[in-house]
Amino acid sequence: MALDWRHTTDGVDWDELSALYRDAPLGDKPPDLLRTVFGNSLFKCFVFEGGRLVGAGRALADGADCAYLCDIAVLPSHQGTGLGKQIVAHLVERSRGHRKIILYAVPGKEPFYRKFGFLRMKTAMAIFSNPQQQLERGYLSED
């Protein structure tokens with residue numbers, strides 16, 4: 001079945017998107033939070049198959065200096081099909097022209113992103129709302 005790519009939030013079922021992130025599994029992202037973050041992102045894509053949401057992603061971007069790819073998710077039934085690669089490639093292409101394109105990856109997924117030219121940053125740091133949880137998940141280090 002053909003994939004239907006959409007680049008606006010028009011008609012997005014935020015509950016369905018929230019379920020996609022739980023199933024991916026990329027955590028619990030409530031529908032209202034997703035409506036806000038996708039609405040505030042310069043670039044976004046939603047991928048449907050037969051009317052069902054099977055993948056999504058977004059890039060926060062300022063139009064010149066910095067773009068940040070985030071929230072890239074694919075249903076487990078579609079993982080391993082190249083859809084995640086297509087979403088990342090699409091967002092990278094839309095972000096071209098920015099001086100830097102940044103993302104942070106689920107620990108262990110870095111080799112996937114290296115294929116797009118991403119390299120590990122030595123200076124990246126973060127403040128999370130729940131730092132202990134992120135330490136346990138491997139996203140943060142106290143070194």
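Predicted model: local features only at pLDDT ≥ 70, side-chain atom pairs only at ≥ 80, totals over all residues.
**View 1. Helix H3 and its buried face.** The buried residues of H3 are Leu83, Gly84, Ile87, Val88, His90, Leu91, Val92 and Ser95. H3 has 13 residues, which at 1.5 Å a residue should span 18 Å; the C-alpha atoms at its ends are 18 Å apart, so expectation and model agree.

**View 2. The five-stranded sheet.** Here you can follow an open sheet of five strands, ordered E1-E2-E3-E4-E5, with mixed pairing. Strand E1 (3-6) and strand E5 (100-103) are the edges, each pairing on one side only. From one strand to the next, the twist averages 20°.

View 3. Strands E2 (residues 43-49) and E3 (residues 52-61) run antiparallel and are joined by seven bridges. Two of the pairs to look for are Cys45 with Gly57 of E3 and Val47 with Gly55 of E3. Two residues lie between the strands of this hairpin, where Gly50 adopts a positive phi near 60°. Seven of the 10 residues of E3 are buried, so this strand is largely enclosed by the rest of the structure.

**View 4. From E3 into E4.** Six bridges pair E3 with E4 in the antiparallel sense.

View 5. Helix H1 (residues 14-23) lies across E2, E3 and strand E4 (66-74), and runs at about 90° to E3. Helix H3 (residues 83-95) packs on the sheet as well, touching E1, E2, E3, E4 and E5, with its direction at about 160° to that of E4.

**View 6. The nonpolar core around Phe38.** The largest nonpolar core has 32 residues, of which Leu17, Phe38, Phe46, Leu69, Ile87 and Leu91 touch the most other members. At least two residues of this core come from each of H1, helix H2 (31-39), E2, E3, E4 and H3. Zoom in on Phe38 and, leaving aside neighbours within four places in sequence, you will find it in contact with Thr9, Trp14, Leu17, Tyr21, Lys44, Phe46, Ala56, Gly57 and Arg58.

Terms used: Residues numbered from 1 in each chain as written. Heavy atoms only, no water. Pairing = 2+ DSSP bridges. Helix = DSSP H or I, 4+ residues; strand = E, 2+ residues; numbered from the N terminus. Axes fitted to C-alpha atoms, helices over the stretch in contact; angles between N-to-C directions. Contact = heavy atoms within 4.5 Å. Expected span 1.5 Å × (residues − 1). Buried < 20%, exposed > 50% of the residue type's maximum accessible area, 1.4 Å probe, protein only. Core = buried A, V, L, I, M, F, W, Y, C linked by side-chain atoms within 4.5 Å.
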